[in-house]
Amino acid sequence: MSIFRNVVFAAALAGLCAGIVMTVLQTAFTVPLILQAETFEAAGSGHSHEAHGEAAGGAEDAAAAHSHDEDAWAPADGFERAAYTALANIVTGIGFALLLLVASEFAGGLANWRQGLFWGLAGFAAFTLAPGLGLPPELPAMPAADLLSRQVWWIATVALTAAGLALIAFRASPLMALIGVALIVAPHVVGAPQPVSHETPVPADLHHRFVVAVTLTNLVFWLVLGTMAGLVRTRFAARLGAPRAGLA
Amino acid sequence: MATHASTTHDVASSAQSRNLQLALAGLLGIFIIGFVGFSQLQAMHNAGHDYRHSMAFPCH
């Protein structure tokens with residue numbers, strides 16, 4: 001099981017680095033916007049002027065109110081909440097690194113950090129860009145379609161985009177490239193499940209800033225993840241077998 | 001001839017074992033992302049709330 005162990009170890013290192021970077025970026029760019037949006041969620045039913053008035057300072061109170069089930073456990077605001085966000089970033093960073101490393105091993109293995117960078121770009125395209133076209137990042141207090149149908153569309157879009165990119169990158173045939181493009185376009189022709197109404201108390205400007213922040217933080221996350229995977233992979237090249245010819 | 005045949009067999013089985021181990025590692029990755037990103041347990045949901053919004057996972 002040495003290959004399994006090596007891939008998991010390499011993924012753990014790359015995921016840890018990317019997860020830490022992502023946590024710093026989220027704390028600076030996305031979490032403040034989420035807290036701001038939660039003030040609209042809490043004010044949703046009342047819609048009073050007081051609620052708008054305390055929007056700037058009352059983020060903490062509103063955040064506490066953001067629970068679907070009053071009895072359910074939720075991390076306390078501040079350090080505890082940030083710590084769980086960091087944990088989720090690192091754990092899923094390792095998960096994404098596993099997928100990136102396994103896919104690149106099947107394609108011949110990352111030979112250097114630059115190949116990793118390109119794989120990171122592909123991961124960003126498949127996991128952020130493509131699903132984000134149909135299902136833009138949402139803030140709390142925004143309406144959304146049925147959860148299950150959105151998750152199905154999200155997973156299908158990620159899988160089809162990844163498959164399409166692989167066909168374009170690794171099959172030197174015009175027909176395969178065309179099929180690849182078709183796979184990438186297909187989920188958007190079908191269309192993502194949309195809510196009945198897009199009406200929301202969240203200002204359009206706030207949402208726009210959130211979409212930009214989420215997209216760019218994810219871009220950096222994937223580039224760090226891919227680059228680190230490429231760097232770590234070269235350290236374990238002897239165990240995993242020398243990389244064969246690949247992209248870049 | 002006999003050594004040659006056994007060498008090809010070893011190469012084939014090691015390639016098979018390599019693919020199996022890679023597939024296992026990939027499944028582990030899918031399991032981790034699925035559990036953190038899509039779990040509907042309320043406590044998990046609340047713990048990963050800011051993360052999921054920031055990753056644009058279809059959440060609630």
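Helices here are DSSP runs of H or I with at least four residues, and strands are E runs of at least two, numbered from the N terminus. This is a predicted model, where local features need pLDDT of at least 70, side-chain atom pairs count only at pLDDT 80 or more, and totals for chains, interfaces and linings use all residues. Residues are numbered from 1 along each chain as its sequence is written, and chains are lettered from A in the order in which they are written.

**Exercise 1.** Find where Ala141(A) lies, and work out whether Ala141(A) is buried, exposed or partly exposed.

*Solution.* Start with the place: Ala141(A) sits in the loop between H6 and H7 of chain A. Next, check the backbone: phi is positive, about 75°, although Ala141(A) is not a glycine. Now recall the cut-offs: buried takes 20 or more other C-beta atoms within 10 Å of the residue's own, exposed takes 12 or fewer, and partly exposed is in between, with C-beta atoms placed from the backbone. Ala141(A) has 18 such atoms within 10 Å, so it is partly exposed.

**Exercise 2.** Describe how H5(A) and H9(A) meet.

*Solution.* First, the geometry: the axes come within 10 Å and cross at roughly 60°. (Axes are lines fitted to C-alpha atoms, for helices over the stretch in contact, and angles run from 0 to 180 degrees between N-to-C directions.) Then the residues, where contact means C-beta atoms, placed from the backbone, within 7 Å. From H5(A), Gly93(A), Phe96(A), Ala97(A), Leu100(A) and Leu101(A) meet Leu225(A), Gly226(A), Ala229(A) and Arg233(A) of H9(A). Last, look beyond the pair: leaving aside neighbours within four places in sequence, Ala14(A) touches Ala97(A), Leu225(A), Met228(A), Ala229(A) and Val232(A).

**Exercise 3.** Pick out what chain B brings to its contact with chain A.

*Solution.* Begin with the count: 27 residues of chain B are in contact with 46 residues of chain A. On the chain B side, helices H1 (2-38), H2 (42-47) and H3 (49-55) each give two or more residues. H1(B) supplies the largest share, 14 residues.

Note on methods. Two residues are in contact if their C-beta atoms, placed from the backbone, lie within 7 Å.
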